[in-house]
Amino acid sequence: MDVVLMRGDGIGPEITSVTRKVLDALDRSFSLGLEFSNEDVGFTSLEKHGATITPELIERVRKADLAILGPVDTAHYPPADQGGINPSAALRINLDLYANVRPSKVFEGLPSAVANMDLVIVRENTEGFYADRTMYAGTGEVMPTPDLALATRKVTRKGSCRVAAYAARLAAKRRGHLTIVHKANVLKLSDGLFLSEAEKAAAKQGGLEVREEHVDAMASLLVRTPEAFDVIVTTNMFGDILSNEAAELAGGLGLSGSLNVGDENAIAQASHGSAPDIAGKNIANPVSLLLSTALLLEWKGAKAGRNDLQQAANRLDLVIAEMLKNPKTRTTDLGGTLSCSDFGSILVEKL
Ligand code: NAD
């Protein structure tokens, strides 16, 4: 099984190094037959190849069995014509990874801002307000005069329908509850289209309890009654913001897994960024990328009918939860004392 590991920028090399060791341990325990290749992405790729991601790498990932992407420091990249391409966006668009699946749950024994939360935010990943995802040529942002900037938001019937269908299938496998989040009271056409497609997808799935909320109300409800939600489906930027809020409420940004999924490919990617403020200090929490990797193993296991991959994913989830429960096996962002690499070493021993 061919695994492509892209280390990324900032804390990327530290957390992907732990992820590699953890996968090696799972490979030994479950005889998964993993074969790794490290590929450059981000600043290392810019130096070597003149671009933060190359078309060859995108094709390499398309053919891989499993792909893991470390966080990328897009805010500090040069303009696109100087090679600064957003690797996440390039992979999501080219591989048509239309759903970004972001679970957030409270871990037993770990302090969190809310008592009870176990939900998944499914965020549309290929369109919305993101300037690099709206146009065939050029970007979705224009500046007609020095004092006027305009941004275009793209919502398509197809994009809305397929992400909502994914969320509805997921809700049916979980607690059967789907919340559609939008702002159709103001964005009547674009969010109106998203809402009507999401309602249709939910009805087609059948057997779901369906609720809809405006995004501003949803931001409050996540704090007030997080236990009331199971699967939440929404457009790109709303999902990006709400999933960070949910992650913080559940215990911290370093704890939320994230999977980019399409019909053929998936990429594990932490939901946080490259954290330049703590890069190179060996204090990053690797849990987000590890939980993302568990989501990837589970996805591949279901797709390929491989029980061993699903068992490996369950084992990884279980041991991480066990470590987070014990204050002595937590990283410093959670009030513990472990470095990123020490957390990885203990996890490997336990696996
Ligand atoms: P960030 O998520 O990198 O950091 C926000 C805060 O959370 C920082 O204080 C950081 O130290 C902390 N943090 C993040 N991950 C952590 C971890 N694993 N362990 C402990 N603490 C952690 O967000 P930012 O500072 O807004 O962005 C930094 C760069 O990352 C920017 O270039 C941004 O564009 C990029 N970014 C990339 C992704 C991605 O690759 N998927 C996502 C978001 C932001």
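Strand β8 (residues 177–182) runs parallel to strand β9 (residues 209–214), and the two pair over six bridges. Strands pair here if DSSP finds at least two bridges between them; helices (H or I, at least four residues) and strands (E, at least two) are DSSP runs, numbered from the N terminus. H177 has E209 in β9 as its bridge partner.

This is a predicted model, where local features need pLDDT of at least 70, side-chain atom pairs count only at pLDDT 80 or more, and totals for chains, interfaces and linings use all residues. Residues are numbered from 1 along each chain as its sequence is written, and side-chain values use heavy atoms, with hydrogens and water left out.

Now for the charged side chains. Side chains of opposite charge can pair when their charged atoms come close. A salt bridge is a side-chain nitrogen of Lys or Arg within 4 Å of a carboxyl oxygen of Asp or Glu, and the whole structure has 22 salt bridges. Here are some of them:

| Pair | Closest N and O atoms |
|---|---|
| D240 and R102 | 3.2 Å |
| D191 and R153 | 2.5 Å |

R102 is buried at 6%, whereas D240 is partly exposed at 22%.

Note on methods. Buried means under 20% relative accessible area, exposed over 50%, partly exposed in between (1.4 Å probe, protein chains only).
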